[in-house]
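Here are my notes on this one, in the order I'd look at things. Have the model open while you go through them.

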Amino acid sequence: MFRFRLLSFCVLIIGTAVLLLAPSSARNPAALARTFFGDDVGKTGDHTRTGIDVLETEKFASLRGKRVGLITNQTGLDSFGHRTIDLLARAENVNLIAIFSPEHGIAGVADATVSNQADASTGLPIYSLYGATRRPSGEMLRGIDTLVFDVQDAGVRFYTYITTMAYSMEAAAQHHIAFVVLDRPNPLGGEIIEGPVLDPDRTSFVGYFPMPVRYAMTMGELAQMFNSENKIGADLHVVAMQDWHRRDFYDMTGLAWVPPSPALRSLRENFLYPGAEILQAAGVSVGRGTPTPFEQLGAPWIDSGVLLTELSRRELKVVRFAPTQFTPASGLYSGVSCKGLSIELQDREAFRPIMMGLEIASAIHHLYPTEFHAEKMMELLGSQTSVDRLVRGDDPKEIESGWTGDLDRFRTMREKYLLYH
């Protein structure tokens, strides 16, 4: 009898605890988000709420009665892991008509041009903006009165999702369609600006606007800047995040890392990406086609020991290099053994990836002037003066000092469009 009463008492206590905790979890999606994603959260307090989280909290009020086109990919998730596609498709009085995907496709795994397809869950058409066209056409936009953009960026000027957003804003303005950006964090934070400003005459799909390689703005902030400075004239609305601060790197947000493209598998690789990627066009493999892209570099004609000695002389203190050898399964030098260096990032707050890239480029150009084609770095670096000085043999630190005036002017302009502190 005693054991029966004790068991009943325990059941009562457990049941009461469940009833008390259940409403708390419903009020606090961060708790469920962390359970769902299994994150090792890097900040105290609540997690960052992205634009889609905020829109959900508002019960999609700003989209009610709208015929919506959604530009998104695998990164378009709320804090519970639900796709923005499904959330809008099920939202009351919101009519999701079509989906648009950027480079790498709706699943973020393609490394080539992408064809139109249909979404398996909703049956809606998915129009590729990295295929036959890179802008939404009038036919694609037929019947749409609001375009919604929900894509995670990499924080780097030559990452093409920026241009896809800008081109879509231009199309929206041309067809008198409202444009809504569901904002997301800049994974590299919102404070550190680095790299040369793009030459105004070098705009392209990998360089939409004259700004530095690392610009420290969110997509919502960029959209406001593009709309005003480029006089796009879009009916622009930004659904701002909650609990994101400029000092926050991505792993300080409490959000899960969803690789925005096939080679950016981790935040560590995202930090290395802008400095390593500029080397590839010049003839150096940056580890694409290996398990650790951007964490190593090499070529068949590089001597690892010689290059390591040269870089050691340059005293790059926040990264550590070590000799390595790898064979890419795809990309540059596919199937060919490459000798080079692995890169270990030791202090990301002090790390300046563009300066690392310039120092490596300068060292390789000095050692292998016929094999390394420094002039081909122009497409991504975007500054003819910087490339010319590198080819001439100028010290990368002196090249960097030449960016000061342009960066100061960019900071002043950028300040008008910042949404977070």
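1. Start with the H8 and H9 contact: Val306, Leu307, Glu310 and Leu311 of H8 meet Glu359, Ile360, Ala363, Ile364, His366 and Leu367 of H9. Contact here means heavy atoms within 4.5 Å, and helices (H or I, at least four residues) and strands (E, at least two) are DSSP runs numbered from the N terminus. By class, the residues of this contact come out as 7 nonpolar, 1 polar and 2 charged. In that scheme Ala, Val, Leu, Ile, Met, Phe, Trp, Tyr, Cys and Pro are nonpolar, Asp, Glu, Lys and Arg are charged, and the others, Gly among them, are polar.

2. Before going further, a caveat: this is a predicted model, local features need pLDDT of at least 70, side-chain atom pairs count only at pLDDT 80 or more, and totals for chains, interfaces and linings use all residues. Residues are numbered from 1 along each chain as its sequence is written, and side-chain values use heavy atoms, with hydrogens and water left out.

3. Now the geometry of that pair. Helix H8 (residues 304–313) and helix H9 (residues 353–367) pack at an angle of about 125°, with their axes 10 Å apart. Axes are lines fitted to C-alpha atoms, for helices over the stretch in contact, and angles run from 0 to 180 degrees between N-to-C directions. H8 and H9 are therefore oblique to each other (under 35 degrees is roughly parallel, over 145 roughly antiparallel, 65 to 115 roughly perpendicular, and the rest oblique). H8 passes H9 in a right-handed crossing, that is, the near helix is turned clockwise from the far one by less than a right angle.

4. Have a look at Leu316 too, in the loop between H8 and strand S9 (319–326). Leaving aside neighbours within four places in sequence, Leu316 is in contact with Leu311, Phe321 and Glu359. Leu311 and Glu359 also turn up in the contact of H8 with H9.

5. Tyr161, Ile162, Met165, Ala166 and Met169 in H5 meet Met219, Leu222, Ala223, Phe226 and Asn227 in H6. That contact has 9 nonpolar, 1 polar and no charged residues.

6. Finally, the largest pocket is lined by 28 residues, with Glu103, His104, Asp111, Glu277 and Arg288 nearest its centre. On a 1 Å grid over the protein atoms alone, a pocket is an open set of points with protein on both sides within 12 Å along at least five of seven lines, and lining residues have an atom within 4 Å of a point. The lining divides into 13 nonpolar, 8 polar and 7 charged residues.

Conventions
On a 1 Å grid over the protein atoms alone, a cavity is a set of points where a 1.4 Å probe fits but cannot get out, and a pocket is an open set with protein on both sides within 12 Å along at least five of seven lines; lining residues have an atom within 4 Å of a point.
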